[in-house]
Structures are given as structure tokens and as C-alpha cells.
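Look through the sequence and the model below, then follow the paragraphs in order.

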Amino acid sequence: MDSECRVKNGSSSDMETPSITHYPLPIIHPVVVLADGGFPTHFVPLDMLESAGTIVCCDGAAEKLLHYGKEPGYIVGDLDSLSSALKIRFTDRLHCFDSQETNDLTKAVEFCIRQGVQAITIVGATGLREDHTIANVSLLADYAAKCRVEMITDYGIFTAITKTTAFESYAGQQVSIFALTPEKPVTLHGLKYPLHKHKLLSWWMGSLNEANGAEFTIEFEEGTLIVFRTHEGAKGKRTKT
């Protein structure tokens, strides 16, 4: 990692220094974090990019966003995937944290939280290597303790929840529920396959369910679940015109 990165921004541990006055950078809402996975093609995540007040790019995702026709508000990560030309062009928007204890997605989310952002939408976090996808989705459980965050893909929305939650839905929406705390019982209302105080001991056990109507509820007393809901018209794709 080059010294300019360390001198300008320090390491990720600097983001947690206590007992200092902190003035956040200007952030226009809504905030979208663009990860460096497969660039979105479905209209839902693309519309999130179009309507974003601030787009925070994870390192090399800035190149993909520029190719799409938009500019990053900030570029965050260890910057090892960012070209020298873009480092010069966007030098005033770079925030480099060279810690290897977290990935670039976490660095970007923590950067947003440090600026006082309480709601974050993540796009571009899936679609390439499957191990990266699994890791990125599982990180939602960590972020949920700090802010409201959702991950939108070309097929649906991942949301991490830590308490009983009701979701707006539609009849036939495909729903999967993954328990990160499988020892905690879960009750499902408004789904085709209801459960009553059932433990989801393996990831597959809560997958491939279906909403009955306009709302479903997941009831549990403690723990963490990750919920996936498909987009209505999940095949709808477009490119920017």
C-alpha cells in the first residue's frame, strides 16, 4: 500500500478513535454503496443508482460506474484496484483504508456510518465469485446492528433483521430466510409454508417460501436472520439510454 494512502487517511482503526470532535463530510441522501461485483442490469438496482444523492464506490467499482455514465461521490477501500489515472482524477474523493481485516464493502459502509448515514442501499455486491457473494451477504448481519441497510441485486433484496419484522409483499413473491443464529426459534405468518417456533438449523430450511399476499411477518425474540425477497417482474432488465 502506498504511503500517500496511509498519510492521507490512516487505517480503518482511525475511524473508531474516541473522544474527538468529528465533522462529517457532506452527504446527500439517499446513499448508495456500489460494490465491485457484477454491475446491475435490472431496473430496480439501476433506478437506485439513478436516484442516489450520493454514490460511494468500493475501489474498482468507480471504473464501472464511469462506464455506465455516472461519477462517484466518494471512492473508498484500499484502492488497489483503482487505476493511477482515476486516483489523480478523483484525488479529492478518495478515502483509502489499508487494513486487511475488513473488505472494501465494509470499509465503504463504515465510512458512510461515520458520516452519520443511517440508511444505506448496497448494489453490485453479487454476480461474480460465489465466495465473495456469500461473504458480502453475510456481512449484512454485522451492518444491521449499526444502521438500516439493504442489498439489492438483479433478482431481489436481501435484508438483515434482528427483531420481529413485517414486510410488504405481493402474492407469489418468492421469499427465503437464512438464520445466522439457528438455535433461535422462528414463527412465520403470511407465507405459503408457515412455521411456528421452528429452528432453522440449516440454510436450506428457510429457503424457497412464497408470500400469500400484501404482507408477511417473521416473528422471533432474538437472533439475526437474513431475508431475501424477489423483485416483482424479476426478469426486467435494461441498460442506460
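F39 is partly exposed, because its relative accessible area is 24% and the range for that class lies between 20% and 50%. Keep in mind that this is a predicted model. Y68, at 12% relative accessibility, counts as buried, because the limit is under 20%. By the rule for ring pairs, the count comes to four aromatic pairs. F39 and Y68 form one of them, with 5.2 Å centre to centre and 45° between the planes, a tilted arrangement. This pair links distant parts of the chain: F39 sits in the loop between β1 (31–34) and α2 (43–51), while Y68 belongs to helix α3 (residues 61–68), 29 residues apart.

A tilted aromatic pair is also formed by F158 and F228, whose centres are 4.6 Å apart, with 45° between the planes. Here too distant parts of the chain are linked, since F158 is in strand β7 (residues 156–161) and F228 is in strand β14 (residues 225–230), 70 residues apart.

Now turn to the strands. Strand β2 (residues 54–58) pairs with β3 in the parallel sense over three bridges, and V56 has Y74 as its bridge partner in β3. Together, β2, α3 and β3 make a right-handed β-α-β unit. On its other pairing, β3 runs parallel to strand β4 (residues 94–96), joined by three bridges; the bridge partner of V76 in β4 is H95. Between β3 and β4 the chain crosses through helix α4 (residues 84–89), and this β-α-β crossover is right-handed.

In a regular strand the side chains alternate between the two faces of the sheet. Strand β3 (residues 74–77) can be read this way: Y74 and V76 point one way, I75 and G77 point the other way, and all are buried.

Which residues does V56 touch, leaving out those up to four places away in sequence? They are V31, V32, V33, L34, Y74, V76, A108, F111 and C112.

In soluble globular proteins, nonpolar side chains tend to be buried together. The largest nonpolar core in this model has 29 residues, of which V33, V56, L105, I120 and I122 touch the most other members. Helix α5 (residues 104–114) gives the most to this core, with five residues. Another core lies apart from it and has 21 residues, including V32, L65, F90 and L94.

Methods: Residues numbered from 1 in each chain as written. Predicted model: local features only at pLDDT ≥ 70, side-chain atom pairs only at ≥ 80, totals over all residues. Heavy atoms only, no water. Core = buried A, V, L, I, M, F, W, Y, C linked by side-chain atoms within 4.5 Å. Buried < 20%, exposed > 50% of the residue type's maximum accessible area, 1.4 Å probe, protein only. Helix = DSSP H or I, 4+ residues; strand = E, 2+ residues; numbered from the N terminus. Contact = heavy atoms within 4.5 Å. Phe/Tyr/Trp six-rings, centres within 6.5 Å; stacked < 30°, edge-to-face > 60°. Pairing = 2+ DSSP bridges. Right-handed = clockwise from strand over helix to strand, strands pointing away.
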